[in-house]
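Have a look at the structure first, then read on.

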Amino acid sequence: QLQFVESGGSLVQPGGSLRLSCTASGSTLDDYTIGWFRQAPGKERERVSCITGDGGSTMYADSVNGRFTISIDNAKSTVYLQMSSLKPEDTATYYCAATCKIQPFMSWGQGTQVTVSS
């Protein structure tokens, strides 16, 4: 069964950059679509970005398009989310999963906390 560990979150100033990592165990990622999601306090979880296992197709939420870049390294079973021009509204816990769609009763990992603040 595919499991993920998210890492790379931190406190960063507005306008700064971070790179998040999502490392999988239990399977290679070639046959999956991997998504990054986030949940801010008091808000629903939302989709941020997705990538197919071959890296050939990506999507971004409008709120991050042009600022975030998703990529995949199949040799390391890791999906990255490069975040730049960070805004306070990007503050959230970030999660990854083997899907591009939030579904009921999904299991989530611990996530990684991103805080954008001066």
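## The sheet and its edges

Six strands make up an open sheet in the order E2-E10-E9-E4-E5-E6, with mixed pairing. Strands here are DSSP runs (E) of at least two residues, numbered from the N terminus, and two of them pair if DSSP finds at least two bridges between them. Strand E2 (11-12) and strand E6 (58-60) sit at the edges with a single partner strand each, so one side of each has no neighbour in the sheet. At the E6 end, strand E5 (residues 46-52) runs antiparallel to E6, and 3 bridges join them. Ser-49 has Tyr-60 as its bridge partner in E6.

A word on ground rules: this is a predicted model, where local features need pLDDT of at least 70, side-chain atom pairs count only at pLDDT 80 or more, and totals for chains, interfaces and linings use all residues. Residues are numbered from 1 along each chain as its sequence is written, and side-chain values use heavy atoms, with hydrogens and water left out.

## E1 and E3

Strand E1 pairs with strand E3 (residues 18-25) in the antiparallel sense, over 5 bridges. Gln-3, for one, has Ser-25 as its bridge partner in E3. E1 (residues 3-7) shows two faces: Phe-4 and Glu-6 make up the covered one, while Gln-3, Val-5 and Ser-7 are on the uncovered one.

## Two disulfides

There are 2 disulfides in the structure, a disulfide being a pair of cysteine sulfur atoms within 2.5 Å. Counted along the chain, the bonded cysteines follow the pattern 1-3, 2-4.

Cys-22 is joined to Cys-96, S to S 2.1 Å. Cys-22 belongs to strand E3 and Cys-96 to strand E9, so this pair ties together parts that are 74 residues apart in sequence. The torsion about the S-S bond is about 85 degrees, so the disulfide is right-handed. Cys-22 is buried at 0% relative accessible area, and Cys-96 is buried at 3%; buried means under 20%, exposed over 50% and partly exposed in between (1.4 Å probe, protein chains only).

In the other disulfide, the sulfur atoms of Cys-50 and Cys-100 are 2.0 Å apart. Cys-50 lies in strand E5 and Cys-100 in the loop between E9 and E10, so the link ties together parts 50 residues apart in sequence. The link of Cys-50 and Cys-100 is right-handed too, with 100 degrees about the S-S bond, and both cysteines are buried.

## Rings around Trp-108

Phe-37, Tyr-95 and Trp-108 form one aromatic cluster, and the structure holds 2 aromatic pairs. Rings of Phe, Tyr and Trp (its six-membered ring) pair if their centres lie within 6.5 Å; planes under 30 degrees apart are stacked, over 60 edge-to-face, and the rest tilted. Phe-37 and Trp-108 are edge-to-face, 5.2 Å centre to centre with 75 degrees between the planes. That pair spans 71 residues, from Phe-37 in strand E4 (residues 33-39) to Trp-108 in the loop between E9 and E10. Phe-37 is buried at 0%, whereas Trp-108 is partly exposed at 23%.

Tyr-95 and Trp-108 are also edge-to-face, at 5.7 Å centre to centre and 65 degrees between the planes. Tyr-95 sits in strand E9, 13 residues from Trp-108, and is buried at 12%.

What sits over the ring of Trp-108? The charged end of Arg-45 does, 4.0 Å from the ring centre. Arg-45 also lies over the face of Tyr-95, 4.3 Å from the ring centre. For a charge to count as over a ring, NZ of Lys or CZ of Arg must be within 6 Å of the ring centre and within 35 degrees of the ring normal.

Conventions. Helices (H or I, at least four residues) and strands (E, at least two) are DSSP runs, numbered from the N terminus.
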